[in-house]
Amino acid sequence: MIRHLVTRRKSAPIFGLRRRAIGRTVLFLFITILGTIWLIPILFTVAAAIRPQADIINQGMFALPKGIHWQNFTDAWRVGRFSIVYRNSLFVTSLKPVLGILVASLAAFPLSKMRFRFSNALFFFFLLGLTVPVHVTLLPLSSLLRSMGLGGKTVSLFFPYIAFGLPLEIFVMRGFFNTIPNELLEAARVDGAPSPTIFWRIMLPLAKPALATLFITDVLSTWNEFLLALVLLTGTQNYTVPLGLAYFKGEFASNYGIQMAGVLIAIVPVLTVFLVFQRYIISGLTTGALKE
Amino acid sequence: MHIHSLTRLRRKGPSIEPYLFLLPALVLYVVFMVYPMFQSLLISFTRWEGLETTRTFIGLQNYKTIFFDDPISRLALKNNLIWIVWTLLLPTAMGLGLAVALNQKLPGTVGFRTCFYAPAVIPLVAVGVMWSWLYNPHFGFLNELLRWLGLDSLTRSWLGDPNTALYWLLVASTWERVGFPMIFYLAGLQGIPQQLLEAAELDGAGPWSRFWHITMPLLRETHIIIIALQVIASFKTFDIIYTLTGGGPGRSTQVLATWMYFNAFQYHHNGLGAALAWVISAITMIVTFPYIRIMSRR
């Protein structure tokens with residue numbers, strides 16, 4: 001290997017460099033064009049949302065919008081009952097991740113730090129949940145929730161949402177807890193600290209990075225969830241945003257401006273969370289599946 | 001990774017403490033996932049229509065119907081297979097290509113990463129509504145673009161043709177799904193030591209050769225994960241199809257998940273619906289199981 005470096009030093013660099021520079025420029029242009037194409041759907045949604053219906057019909061797609069037709073947005077908000085739908089989604093999306101991660105962390109604590117007979121079996125049991133799609137629980141879940149008196153109400157979503165989120169969250173929290181040195185816990189035990197105290201005062205605070213990543217990922221999945229909401233919720237006053245949007249599309253099929261305004265109202269929050277917390281989201285994706 | 005707890009020695013017999021911590025998770029998990037799952041399995045072995053209280057045990061007949069008798073179930077299966085093949089070919093390969101490209105440390109990598117992954121972050125229903133607008137025959141972007149370019153003859157009702165509607169749905173799905181493999185492959189690529197590639201280059205290996213013989217094999221773990229996840233997502237796919245075509249025109253774009261939904265919740269053929277759901281699950285379970293084994297050993 002070293003001999004190679006020594007003997008090839010003179011002839012390799014110059015041609016290689018120029019060819020590489022051209023290659024990189026072409027690649028960059030290509031990616032830029034592709035990226036622009038990728039943005040088109042969102043750009044045109046914005047363009048349609050800010051134009052009145054009449055304008056779209058008369059002037060066609062490519063006419064420049066003349067200012068922002070806010071009416072589309074207020075109509076979507078009011079007529080599409082987005083204020084209610086938003087409130088429901090905000091309710092579920094802000095609480096479910098907290099509850100779910102808490103329950104998962106509580107479970108991950110013994111799985112990681114206590115030795116007991118069924119520890120591995122239970123961990124495996126939870127992991128298996130990753131293989132299960134929500135589709136197989138729909139029918140029984142709707143009867144079960146109805147018999148609990150929660151039929152069709154937004155609150156009913158909490159239960160399956162938390163349950164389905166547990167496998168991944170337990171996996172990640174347990175993995176993270178494993179990295180916390182046992183000496184810390186032993187020292188606390190020697191000082192007489194009971195387990196709950198160890199959990200709250202040591203495990204959770206140290207797990208902040210994992211908690212943050214899980215939280216953000218959970219927020220996104222919860223906001224976007226559709227199938228369970230579709231099946232379990234009845235009545236527009238209980239709908240979450242994706243459901244409201246689908247219903248909205250059915251009702252206002254012919255008014256594109258309002259429809260697109262509705263889409264924007266629905267996606268702006270998640271896009272904002274994404275743009276702000278990109279790092280967490282992307283690291284969250286790969287953490288759960290690759291290493292750790 | 002276990003504590004040799006001093007207090008443990010003083011306790012009489014096994015502690016119930018771990019189980020107390022596990023209790024909330026176990027209760028929620030069993031009551032709202034495991035138990036319903038098995039109830040569904042039982043329902044799938046019955047004939048249960050509408051809101052009747054009578055269920056007749058019919059064994060595997062529903063499954064026979066799905067695989068052999070019901071033309072729409074068979075179409076749905078076929079559509080799911082088409083969906084998988086397309087998804088593995090297009091968005092996955094593109095994701096890999098983009099990852100390789102972005103790994104070259106071009107300027108603006110973060111911007112590109114954002115723009116290709118952003119579609120994956122928004123609700124699929126929103127993706128559906130956006131693309132229904134793009135595909136609109138009268139005012140939609142695609143047809144308008146064609147008219148503007150003078151290619152009027154190519155304009156069409158994109159989602160209205162039973163023969164091709166599924167493919168236009170796949171285009172929308174591709175838009176949404178390219179970012180996901182891209183992110184994974186980027187992470188995987190960053191695990192490949194630069195020296196290996198540089199050494200190969202000095203030895204005279206061209207870019208393609210380096211890619212196929214070094215990069216691809218080293219990405220093996222990422223490949224497995226991505227392929228598994230894409231296969232599962234393809235069988236579960238529901239939102240986009242439901243929003244854009246509702247399984248139509250006719251039933252041409254039905255997939256297992258949508259057909260299950262219609263059977264269970266609109267026609268109230270509960271037994272058949274449950275069986276369809278279990279077909280989906282069986283597939284996802286089989287595909288993910290090897291994975292779970294690996295994860296459980298970590």
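Modeller: This is a predicted model, and we can go through it a piece at a time.

Colleague: Start with chain A. How many helices and strands?

Modeller: The secondary structure of chain A comes to 14 helices and zero strands.

Colleague: What share of chain A is buried?

Modeller: Of the 292 residues in chain A, 53% are buried.

Colleague: And the contacts, what part of them is between residues 24 or more positions apart?

Modeller: Taking contacts in chain A with a separation of 6 or more, 73% are between residues 24 or more positions apart.

Colleague: Pick a residue in chain A. Where does A:Leu139 sit?

Modeller: A:Leu139 is in helix α7 of chain A, which covers residues 138-147.

Colleague: Buried or exposed, and why do you call A:Leu139 that?

Modeller: Buried, because its relative accessible area is 12% and the cut-off for buried is under 20%.

Colleague: What does A:Leu139 touch, leaving out residues up to four places away in sequence?

Modeller: A:Leu139 touches B:Ala264, B:Phe265, B:Asn270 and B:Ala274. Within chain A, its C-alpha atom is 8.5 Å from that of A:Val231, 92 residues apart along the chain.

Colleague: You mention α4 and α12 of chain B. At what angle do their axes cross?

Modeller: Roughly 140°, with the axes of α4 (residues 71-102) and α12 (residues 220-236) of chain B coming within 9 Å. That makes α4(B) oblique to α12(B), because only angles over 145 degrees count as roughly antiparallel. The crossing is right-handed.

Colleague: Which residues meet there?

Modeller: On the α4(B) side they include B:Trp83, B:Ile84, B:Leu88 and B:Leu96, and on the α12(B) side B:Ile226, B:Ile227, B:Val231 and B:Phe235. By class, the contact of α4(B) with α12(B) has eight nonpolar, six polar and no charged residues.

Colleague: Changing topic. How many aromatic pairs over all chains?

Modeller: The count comes to 42 aromatic pairs over all chains. One of interest is A:Phe274 with B:Tyr117: the ring centres are 5.7 Å apart and the planes are at 50°, so the pair is tilted.

Colleague: Why do you say that pair joins two chains?

Modeller: Because A:Phe274 lies in helix α14 (residues 256-289) of chain A and B:Tyr117 in helix α5 (residues 109-121) of chain B.

Colleague: Are those two buried or exposed?

Modeller: A:Phe274 is buried, with a relative accessible area of 0%. B:Tyr117 is also buried, at 6%.

Colleague: What about B:Trp131 and B:Tyr135, how are their rings placed?

Modeller: They form a tilted pair, 5.5 Å centre to centre with 50° between the planes. Both B:Trp131 and B:Tyr135 are buried.

Colleague: Last one. Which residues do ring pairs link into a cluster?

Modeller: A:Phe226 is linked with B:Phe238, B:Tyr242, B:Trp259, B:Tyr261, B:Phe262, B:Phe265 and B:Tyr267. B:Phe265 is also one of the residues that A:Leu139 touches.

How values were computed: Residues are numbered from 1 along each chain as its sequence is written. Chains are lettered from A and ligands numbered from 1 in the order in which they are written. This is a predicted model: local features need pLDDT of at least 70, side-chain atom pairs count only at pLDDT 80 or more; totals for chains, interfaces and linings use all residues. Side-chain values use heavy atoms; hydrogens and water are left out. Helices (H or I, at least four residues) and strands (E, at least two) are DSSP runs, numbered from the N terminus. Buried means under 20% relative accessible area, exposed over 50%, partly exposed in between (1.4 Å probe, protein chains only). Contact means heavy atoms within 4.5 Å. Axes are lines fitted to C-alpha atoms, for helices over the stretch in contact, and angles run from 0 to 180 degrees between N-to-C directions. Angles under 35 degrees count as roughly parallel, over 145 as roughly antiparallel, 65 to 115 as roughly perpendicular and the rest as oblique. A crossing is left-handed if the near helix is turned anticlockwise from the far one by less than a right angle, and right-handed if clockwise. Ala, Val, Leu, Ile, Met, Phe, Trp, Tyr, Cys and Pro count as nonpolar, Asp, Glu, Lys and Arg as charged, and the others, Gly among them, as polar. Rings of Phe, Tyr and Trp (its six-membered ring) pair if their centres lie within 6.5 Å; planes under 30 degrees apart count as stacked, over 60 as edge-to-face and the rest as tilted.
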